Amino acid sequence: MNLPFSIAQKLILLQNGEKIPFSKMKHPSIDAMLENGILKKQIQGRSKATIYLNNKSSLNDYLQNHFGIEDLETYTAFEKKGDTSRAEAIEISSNSKLKSIRTFKGFLVNSYAPIECQLNNQPIIIQPKEGTFTFIYDYENFIPSADITIVGIENPENFRHIQKQQKLFEDISPLFVSRYPQNKDLIRWLTFIPNFYLHFGDFDFAGINIYWNEYKKHLQQRAVFFLPKGIEELISKNGNRELYNNQILQINIKAIDEKNVLNLIKLIEKYKKGLEQELLAK
């Protein structure tokens, strides 16, 4: 796949700190960069989204690895120069046969208690020290014990401070997985292991959208949205009205058949508020 010059020009704008409407960035190359966490998507209002860049060096590395592009400015200037030689073209895109490969695959896991797993047919205990995580690269061969519940955490802050949230999960043996870096490796892994999945996300429409569109549709009855005890009081006292005003439910409510999700929607509508999950990590 080649990188269109129009996309390259927009990437330069992102490098300069601009945000671009997602509707103007639709291309498979952009989808791949979002999947790999190179670019970020931000929801604005009830139906708009913008694309932005956090780390210029990550984008530069990605472009070099996937497209052989050393410099975007030079690459876009190449289009305007009708008599460019092949030698110059090779210099700009250093390897025309370069394969499109993932910069990294896998996902992060965390646990506050020892979790028995198998990795490449060898036993492994997951219990990172405080302040560290375990990164699973060969996820295709990573198998947790059958009694382990996989808890997907949407927010990095909650993933970092799971020790502060132990009381929320006293009834299960949880292995925590992070949604970031955002790619399809995690959902691929979840679909071929038999373990139950519990989604711990924000208690607002955006959180429901992420759960329903990224997890529930693949895992079906093996997935449940996590609602902690006292969630109604938390939303009524600590909820944020802007989370309600600026978000929209992107699911036909008639298609929702999960009790926890329906109950959460009722609470959000009742108090006209949403609640970010970081509150539970304090």
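**Charge pairs, burial and strands**

Me: By about how much of the helix are Arg188 and Asp185 separated in H7 (residues 185-192)?
Reply: This is a predicted model, numbered from 1 along each chain as its sequence is written, and its side-chain values use heavy atoms, without hydrogens or water. Local features need pLDDT of at least 70 and side-chain atom pairs pLDDT 80 or more, while totals for chains, interfaces and linings use all residues. Helices (H or I, at least four residues) and strands (E, at least two) are DSSP runs numbered from the N terminus. Arg188 and Asp185 lie three residues apart in H7, so their separation is about one helical turn.

Me: What is the N to O distance in the salt bridge of Arg188 and Asp185?
Reply: A salt bridge puts a side-chain nitrogen of Lys or Arg within 4 Å of a carboxyl oxygen of Asp or Glu. Burial is read from relative accessible area: under 20% is buried, over 50% exposed, and in between partly exposed (1.4 Å probe, protein chains only). Arg188 is partly exposed at 37%, whereas Asp185 is buried at 1%. Their side chains meet at 3.0 Å.

Me: How many salt bridges does the rule count?
Reply: One of them joins Arg160 and Glu130 at 2.8 Å, N to O. Arg160 is in helix H6 and Glu130 in the loop between E6 and strand E7 (134-136), so this pair ties together parts 30 residues apart in sequence. Arg160 is partly exposed, at 28% relative accessibility. The count comes to seven.

Me: Which residue forms a salt bridge with Glu232?
Reply: Glu232 is partly exposed, with a relative accessible area of 32%. It sits in helix H9 (residues 231-238), and its partner is in helix H11 (residues 259-271), so parts 38 residues apart in sequence are tied together. With closest N and O atoms 2.8 Å apart, it is Lys270.

Me: How far from Glu154 is the nearest side chain of opposite charge?
Reply: Lys and Arg count as positive, Asp and Glu as negative, and His and the chain ends are not counted. Glu154 lies in the loop between strand E9 (149-153) and helix H6 (156-160). Glu154 is buried and has no salt bridge; the nearest opposite charge, on Arg179, is at 5.2 Å.

Me: What is the length of the polar contact between the side chains of Ser29 and His27?
Reply: A polar contact is a pair of N or O atoms within 3.5 Å; within protein, one must be able to donate a hydrogen and the other to accept it, and residues adjacent in sequence count only if both atoms are side-chain atoms. Ser29 is found in helix H2 (residues 28-35) and is buried, with a relative accessible area of 1%. The contact that joins its side chain to that of His27 is 2.8 Å.

Me: Which residue in E6 is the bridge partner of Cys117?
Reply: Two strands pair if DSSP finds at least two bridges between them. Strands E5 (residues 115-119) and E6 (residues 122-126) pair antiparallel over five bridges, and form a hairpin with two residues between them. E5 is also joined by three bridges to antiparallel strand E8 (residues 142-144), where Cys117 stands opposite Pro144. In E6, the partner of Cys117 is Ile124.

Me: Which residue in E3 stands opposite Gln44?
Reply: Three strands form an open antiparallel sheet in the order E1-E3-E2. Strands E1 (20-21) and E2 (39-44) are at the edges with a single partner strand each, so one side of each has no neighbour in the sheet. E2 and E3 (residues 48-53) pair over six bridges. Opposite Gln44 stands Lys48.
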